[in-house]
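This report goes through a structure by chain, by interface and by helix. Please have the sequence and the coordinates open while reading.

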Amino acid sequence: MGNIFSKFGRARRHIEKIIGRANVHCDAVSLALNSFDGAPARALPHAVLDIPDAARLQQVIKTLYEFGVPYVPRTAGTNHDGGAVPLKGGAVLNLSALDKITLINTEQGWAEVEPGVVNQRLQDALLPLGFFYAPDPASMVFSTIGGNAALNAGGAKTLKYGSTAANILAAEVITPQGEILNLSKADNGPDLTALLTRSEGTLCVITRLRVKILPRPKNLKTFKAYFASLENTMNGVRDIIAAGILPAALEAMDKTTMDATQTPYPAGAEALLIIELDSDEKTAAKQELEIMQILANNKAVTIETADDEAARRKLWAGRRAAASSLARLAPNLLSLDSAFARSSLPESIKKIRGIFAKYNVRAGMVFHAGDGNVHPNIVFDETNLFEAAQVKKAVKEIHMLTAQAGGSISGEHGIGIEKRAAMAFMFDEAALGLMRKIKAAFDPENLANPDKILPIATRGAPRAAPQYLCDIIERIKQNRAAGRAMIITGLGTKFKTRGRDKAALSSAGLNQVLDIDKVNYTVTAQAGCALKDIAALLAERGMYLPVPAARGSIGGAFAAKTFADFADYITGIDFLLPDGVFISLGGKHVKNSAGYDLPRLLHGSMGAYAFITALTVRTFAAPAPKAAQRKFEFFRPCAQAALIKKVFDSDNLFNPFVFGGAQ
Amino acid sequence: MKINFDKTQPFMPAPTQGPGRKFIYNVLRGPLPPEESSRLCNRCGACAQACPVYKIQKREPASPRGRHQLLRFLLGRQFAAGTKKADILRPAQSCIMCGQCTAACSVLAPTAAHMAWLKYALGFCGGGFWRGLWSKIVYKFNKPAYTPPQGAQITAFYMPAAGGSAHYAASLRIIGKEHRGAEIMDEGLLLGRATLMQGAAAAAKILDKIKARYEALLCPQPPPIITDDIANYRALKLSTEIDEKYQNIAAAARFITDYMPPVKPPARTGAGRRIAVQDNNLLFCGDEIARRARELFICPRADFLLELNQSPGSAGLLAYGAQHADLQQLKRAFAAACAARRLETLIVFSSAEEKFFNMLFKSYYPYAKAVHITAAAEYFYEK
């Protein structure tokens with residue numbers, strides 16, 4: 001495989017000089033054993049490179065770029081989406097040896113880790129310090145933080161603390177050209193940290209991460225309730241969310257999975273729900289009463305509670321092992337992770353079960369119920385061709401159903417190659433084209449984890465722009481035709497339009513609140529809505545925005561990065577490109593790891609990339625703590641931000657002064 | 001290989017090539033594990049962090065998942081022509097057979113057993129060129145080929161310990177004296193190894209699969225199943241706990257010591273005894289297994305083992321397995337003892353471990369030597 005005829009063959013000599021001959025493996029067995037990960041797909045690489053440290057990784061990537069060898073970074077290889085499968089061959093970069101926890105700063109609340117650190121190892125290191133790292137995927141015992149970051153892994157605690165992208169503060173990455181970048185979420189300007197780290201290795205290789213750590217909650221209370229039907233469980237979940245309770249975890253499981261985990265359960269139980277509260281004692285007591293009431297209303301069969309650590313572990317044991325114990329049922333497992341709006345969860349699940357029945361596939365369902373994330377874990381035998389074909393059909397139908405319901409085909413596993421084709425169900429040509437251009441801008445040779453995430457074909461009609469945008473689109477098109485630059489403003493609290501000849505494009509006219517969903521706890525508002533108005537409207541319904549009601553519009557606060565963590569609460573975003581193309585991403589589902597993280601990219605972009613027209617924001621039942629409002633200042637664009645500017649706005653029409661045009 | 005991903009295609013054909021002229025499978029010396037056993041794994045990767053070798057080497061071929069998949073590819077004949085035997089053996093050799101992966105696995109895939117099996121099937125004996133040549137010659141004339149038992153004609157089943165050795169043939173000879181139609185029962189390997197690694201719980205899981213085969217084999221009054229592996233024996237005896245139907249199996253199980261000639265009790269002092277207390281010995285076994293072994297062996301020997309274990313000369317008991325949290329500490333103690341005292345003898349309870357430890361010692365502890373417990377009986381006492 002490493003012969004001189006392959007692309008790697010020519011680079012081999014140089015790479016052996018960098019990392020040593022012993023770390024370059026080209027034998028058939030090493031290649032075969034790096035041809036797979038946790039998903040069914042397989043493809044052989046040309047070589048496996050054991051990377052001893054980050055410094056040499058940079059040299060290796062430079063060499064690979066020079067010789068045009070595709071590469072795939074890999075740590076534990078436990079993902080469910082085939083993200084670490086070397087589709088185009090080339091080199092597998094084994095980063096497992098980069099496994100040091102370099103620094104833990106409890107004062108400022110962060111830890112610096114290398115990508116190969118196993119999640120549980122960080123948790124173990126933080127435990128004696130009284131801290132924890134919030135993302136806890138069920139695979140935390142064996143999955144690495146690098147992989148979690150690349151796929152935006154979630155977990156039980158995502159409901160309260162956000163998924164991995166929300167917990168990464170800064171990152172050191174290596175671009176496909178071999179350049180080391182130090183990115184920070186708190187920097188002014190567009191959030192490149194999320195875009196690059198969350199790209200499943202297609203835009204960069206992560207070499208170090210600074211992750212958020214939090215003090216361990218002292219008051220933990222766990223409930224486990226069994227229900228006689230799955231519908232009751234989901235109704236219970238919906239009621240808990242609608243009551244404004246925000247548990248640390250809200251997990252459910254169906255009977256097939258309960259059987260597979262081999263934990264005892266009462267007779268007649270069809271589903272179970274685990275609820276974990278970590279609020280302070282006074283609130284917890286109140287919430288406990290409410291939860292008991294909701295569970296009783298939804299006909300819970302048995303309720304168990306746990307206060308101490310040992311009992312909690314016992315309650316959680318079955319849930320943690322759920323995915324892997326389905327291996328007991330059949331040799332192959334396909335784990336899907338559709339995310340829905342929480343209000344539509346019960347009926348979506350009913351439909352998914354209908355699909356299972358239709359194709360007669362065996363599947364266990366596990367739910368991160370609190371954030372509307374469903375794991376239909378389909379078990380099958382790939383040697384049984386008929387069964388495999390049925391599974392294929394069922395999977396396709398589930399993806400289509402998810403896209404139609406306005407959900408995300410991937411809540412936390414990422415896209416990789418397993419869900420790649422289904423991306424076309426979820427995004428239209430405009431959105432996918434934008435992502436493709438971003439990939440091409442960062443990685444023109446298509447060497448970094450090639451052929452992942454983005455589908456080759458697109459299907460379906462482009463998403464039509466809503467009626468209220470017609471005027472604005474028309475104006476943008478006219479300006480573009482005339483070559484006039486546009487200045488994008490919200491309510492004008494940050495900066496005023498100064499240019500006379502430039503067309504001012506204000507979102508002030510877009511001041512409607514489009515949707516308030518009390519069951520799902522989200523609000524959709526047009527970009528020009530004043531934060532104060534939205535807050536007032538929500539307060540009538542007992543809902544609160546995650547950020548304080550500052551001056552200015554919601555779109556302005558988002559585009560100017562007024563609050564550092566505002567992007568963590570954005571679930572959907574609509575925007576217009578400088579050529580008048582309307583793009584709508586996300587929706588009312590809380591979790592999303594499908595495609596590149598464009599919403600976070602636009603956070604702090606100052607209108608230089610796109611004109612944001614509407615935002616969907618998570619809301620809460622309690623007012624947000626007083627967050628520090630960031631000082632407004634223009635950012636100094638880096639080379640990478642400029643690359644993206646070219647993708648969005650090659651003629652520099654939107655807010656041209658940001659990227660150094662004439663002011 | 002080019003694959004079209006345009007279609008919704010969650011599954012792909014494995015892009016490996018079929019067998020060629022120089023065919024690795026031609027060198028397989030013995031039977032491989034049943035295919036269904038090699039397909040237990042769904043690649044979740046939970047085993048890797050439990051594997052002490054992976055934690056150091058951090059490479060997929062050194063992880064239990066990699067080893068398991070290796071066997072799966074081999075059985076599926078997915079390696080290309082010209083694949084080197086040494087490459088295939090490397091992942092197998094890196095397995096230290098501690099069984100931690102099986103403990104972490106939800107299907108309890110017996111990867112360590114598979115590796116023992118693979119090593120044997122590929123003719124690995126760790127004895128260098130001459131021993132390899134010798135084993136090839138022996139194999140030529142003395143094929144331990146598996147033939148399915150023929151029901152009523154069978155007068156006894158012999159379930160050898162994993163690995164196979166000279167001792168393997170000797171035991172069969174001993175059994176053959178009493179039972180003319182003795183047959184080797186290779187399925188027992190899987191059963192026995194899995195039990196050894198995991199204890200009762202694991203045995204129960206794996207037993208379900210194996211039991212189906214037994215049922216076909218065994219008549220209402222089954223012939224004795226004789227084993228020289230304490231773990232196999234234990235698994236067989238355990239089968240009663242699950243189902244009354246299998247009491248027959250439990251009743252039929254015998255340990256090889258029932259068929260071995262009685263041994264003279266050792267002289268407490270004097271020249272009758274080969275190993276003196278002041279010699280450095282190490283007893284290698286799991287607690288539970290040791291207890292059973294003591295029960296099994298007739299009194300004087302049990303006394304001797306007990307004495308050996310507690311004697312001031314011995315380096316202490318090296319336990320292993322998932323149950324033992326202080327595994328690392330014990331290993332350190334073991335290494336220290338080896339270095340400090342020029343350790344000479346290590347007694348192990350299964351022939352597979354005997355092979356493994358002798359291989360290990362060769363490179364690290366040149367003075368040490370592992371001896372299988374049944375062979376140890378001959379080693380310790382004069383006939």
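The sections below cover a predicted model, beginning with chain B and ending with chain A.

## Chain B overall

Chain B contains 17 helices and eight strands. Of its 383 residues, 42% are buried.

Contacts in chain B are also sorted by sequence separation. Among those between residues at least 6 apart in sequence, 75% join residues at least 24 apart.

## Contact between chains B and A

The contact between the two chains draws on 38 residues of chain B and 47 residues of chain A. On the chain B side, helix H3 (64-75) and helix H4 (85-94) each contribute at least two residues. That side of chain B consists of 18 nonpolar, 10 polar and 10 charged residues.

## Packing of H3(B) and H4(B)

Two packed helices can be described by the angle between their axes and the distance between those axes. For H3(B) and H4(B), the axes come within 9 Å and cross at roughly 145 degrees. The crossing of H3(B) past H4(B) is left-handed.

From H3(B), the contact is made by Gly66(B), Arg67(B), Leu70(B) and Leu74(B). H4(B) provides Ile88(B), Pro91(B) and Ala92(B). An α-helix has 3.6 residues a turn, so residues three or four places apart point the same way.

## Domains of chain A

Chain A is split into four stretches: domain 1 (7-94), domain 2 (103-215), domain 3 (221-404) and domain 4 (467-659). The centres of domain 2 and domain 4 of chain A, taken over C-alpha atoms, are separated by 26 Å.

In the contact between these two domains, domain 2 of chain A supplies 19 residues and domain 4 of chain A supplies 21 residues. Helix H7 (residues 192-197) of chain A gives the most to the domain 2 side, with three residues. The side of domain 2 of chain A that touches domain 4 of chain A has nine nonpolar, eight polar and two charged residues.

## Helix H17 of chain A

Helix H17 of chain A runs over residues 470-482 and has 13 residues. From first C-alpha to last, H17(A) reaches 18 Å, close to the 18 Å expected at 1.5 Å a residue. Which residue just after H17(A) takes a positive phi? Gly483(A) does, with a phi of about 70 degrees.

Notes:
Residues are numbered from 1 along each chain as its sequence is written. Chains are lettered from A and ligands numbered from 1 in the order in which they are written. This is a predicted model: local features need pLDDT of at least 70, side-chain atom pairs count only at pLDDT 80 or more; totals for chains, interfaces and linings use all residues. Two residues are in contact if their C-beta atoms, placed from the backbone, lie within 7 Å. Helices (H or I, at least four residues) and strands (E, at least two) are DSSP runs, numbered from the N terminus. Ala, Val, Leu, Ile, Met, Phe, Trp, Tyr, Cys and Pro count as nonpolar, Asp, Glu, Lys and Arg as charged, and the others, Gly among them, as polar. Axes are lines fitted to C-alpha atoms, for helices over the stretch in contact, and angles run from 0 to 180 degrees between N-to-C directions. A crossing is left-handed if the near helix is turned anticlockwise from the far one by less than a right angle, and right-handed if clockwise. The expected span of a helix is 1.5 Å times one less than its number of residues. A residue is buried if 20 or more other C-beta atoms lie within 10 Å of its own, exposed if 12 or fewer, and partly exposed in between; C-beta atoms are placed from the backbone. Domain bounds come from an automatic or database domain assignment.
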